[in-house]
Amino acid sequence: MTQSYQITLLPGDGIGPEIMAVAVDILKVVGQQQNLTFDFTEALIGGAAIDAVENPLPQQTLDTCRQSDAVLLAAIGGYKWDALPRHLRPETGLLGLRAGLELFANLRPAQILPQLIDASSLKSEVVEGVDIMVVRELTGGVYFGEPKGVFSTETGEKRGVNTMAYTVAEIDRIGRVAFETAQKRGGKLCSVDKANVLEVSQLWRDRITALSSEYPDVELSHLYVDNAAMQLVRCPKQFDTIVTSNLFGDILSDIAAMLTGSIGMLPSASLGADGPGVFEPVHGSAPDIAGQDKANPLAQVLSVAMMLRYGLDQPTAAEKIESAVLTLLANGYRTGDIQSPGTTVLGCQAIGETLIQILNQG
Ligand code: NAD
């Protein structure tokens with residue numbers, strides 16, 4: 001039976017439209033092979049939306065996203081809009097999208113592909129085989145907790161305040177996403193906190209431990225965040241899935257990403273409770289190379305694979321795409337950002353065409 005999905009496409013700015021075009025072609029080919037059909041609606045976000053309707057997140061875009069099964073986003077931003085007031089900046093559109101869809105879980109994989117192992121700044125024996133997923137809480141913790149602000153003390157001195165706070169419900173919902181993610185991967189979950197110092201972290205640890213009885217097939221461990229940062233660099237292979245709060249996840253997901261050394265290869269997923277998730281590359285809109293057919297579309301293509309696995313529950317289709325990317329790299333094809341001696345450099349479009357050939361052969 002054919003499964004049908006509504007997908008909202010947000011190409012955004014800079015290299016966004018170029019990499020989105022490749023990703024959509026790949027999705028169509030895999031859809032044909034797997035009996036999946038996609039109904040695409042393109043909508044405005046970021047600088048493109050500011051230029052068209054003077055709003056980085058038009059209400060129509062948010063409504064279209066809410067009505068879809070998944071949202072595929074490329075990237076937003078560029079020099080042209082950098083001097084605008086905050087409410088008119090492209091980034092405000094992105095934050096509005098995350099808030100509007102209540103995306104509380106951010107999934108960032110960091111996988112070392114054998115063909116790109118030399119791109120890592122760490123020794124190849126340290127990073128070989130690394131395959132980590134960082135699950136970061138995205139809408140709570142110290143970035144949002146109240147009170148926050150800069151206040152005057154009784155003596156007139158200024159004092160800056162932020163509050164790290166989590167409710168049981170907030171911890172439980174991110175905990176469940178993390179356990180379920182670990183189930184789909186290697187079955188190991190490491191929860192990262194600072195429970196030796198912070199009460200909010202002790203509650204975090206207690207709840208994650210309590211949840212673990214519902215997931216007997218997942219092996220749970222705990223680390224303090226300072227130790228986790230060290231272990232990620234010392235021996236990253238020990239990790240499978242990591243779950244942590246907003247602030248710790250912001251930092252640890254960037255450390256994990258940089259183990260791979262190549263920003264043009266990194267996808268991400270942001271998931272909400274019921275509605276659609278947003279799937280997008282980690283990198284920005286790369287205005288320095290926009291319109292030159294130099295962009296690496298693979299992070300966008302791998303975001304399509306994440307959409308199929310985590311948004312639409314189509315793991316076989318996701319594997320097809322991931323395996324085609326591995327074959328492309330094994331055959332020596334690269335974009336300029338990941339080229340090395342002996343490889344063949346192709347433009348963004350040609351990478352897409354080559355991926356389609358590989359998919360059609362497989
Ligand atoms: P960037 O990620 O756009 O670019 C950093 C460097 O990496 C550049 O040299 C760029 O050419 C290169 N690069 C990035 N993606 C690439 C790809 N797919 N292929 C080849 N090379 C690639 O970060 P930046 O330069 O700091 O930001 C540029 C704009 O993007 C800014 O307006 C920023 O606000 C925005 N931005 C958006 C997002 C997002 O949409 N989620 C994330 C980060 C930055």
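Trainee: Hi! What should I know before I start?

Mentor: The model is predicted, so local features need pLDDT of at least 70, side-chain atom pairs count only at pLDDT 80 or more, and totals for chains, interfaces and linings use all residues. Residues are numbered from 1 along each chain as its sequence is written, and side-chain values use heavy atoms, leaving out hydrogens and water.

Trainee: Great. At what angle do H10 and H11 pack?

Mentor: Helix H10 (residues 298-311) and H11 pack at about 160 degrees, with axes 7 Å apart. That makes H10 roughly antiparallel to H11. Helices here are DSSP runs of H or I with at least four residues, strands are E runs of at least two, and both are numbered from the N terminus. Axes are lines fitted to C-alpha atoms, for helices over the stretch in contact, with angles from 0 to 180 degrees between N-to-C directions. Under 35 degrees counts as roughly parallel, over 145 as roughly antiparallel, 65 to 115 as roughly perpendicular, and the rest as oblique.

Trainee: Which residues make the contact of H10 with H11?

Mentor: Among them are Leu298, Val301 and Leu302 of H10, and Pro315, Val325 and Leu328 of H11. Contact means heavy atoms within 4.5 Å. By class, the contact of H10 with H11 has 13 nonpolar, no polar and three charged residues. Nonpolar covers Ala, Val, Leu, Ile, Met, Phe, Trp, Tyr, Cys and Pro; charged covers Asp, Glu, Lys and Arg; the others, Gly among them, are polar.

Trainee: And where does H1 come in?

Mentor: The axes of H1 (residues 16-34) and H11 (residues 315-330) come within 10 Å and cross at roughly 130 degrees. H1 and H11 are therefore oblique to each other. In H1, Ile26, Val30, Gln33 and Gln34 meet Thr316, Ala317, Lys320 and Ile321 of H11. Those residues divide into four nonpolar, three polar and one charged.

Trainee: Switching topic: is Thr354 buried or exposed?

Mentor: Thr354 counts as buried, because its relative accessibility is 11%. Buried means under 20% relative accessible area, exposed over 50%, and partly exposed in between, using a 1.4 Å probe and protein chains only. Thr354 sits in helix H12 (residues 348-361), and a polar atom of its side chain lies 2.7 Å from the backbone oxygen of Ala350. Not counting residues up to four places away in sequence, Thr354 touches Leu328, Tyr333 and Leu346.

Trainee: What about Asp240, where is that?

Mentor: Asp240 is in the loop between helix H8 (225-234) and strand S10 (241-244). Asp240 counts as buried at 11% relative accessibility. A polar atom of the Asp240 side chain lies 3.0 Å from the backbone nitrogen of Gly186. Leaving aside neighbours within four places in sequence, the contacts of Asp240 include Asp131, Met133, Arg185 and Lys188.

Trainee: Which residue has a positive phi near 60 degrees?

Mentor: One of them is Asn35, found in the loop between H1 and strand S2 (36-42). Asn35 is partly exposed, with a relative accessible area of 42%. Asp293 has a positive phi of about 60 degrees too, although it is not a glycine, and Asp293 is in the loop between strand S12 (277-281) and H10.

Conventions:
A polar contact is a pair of N or O atoms within 3.5 Å; within protein, one must be able to donate a hydrogen and the other to accept it, and residues adjacent in sequence count only if both atoms are side-chain atoms.
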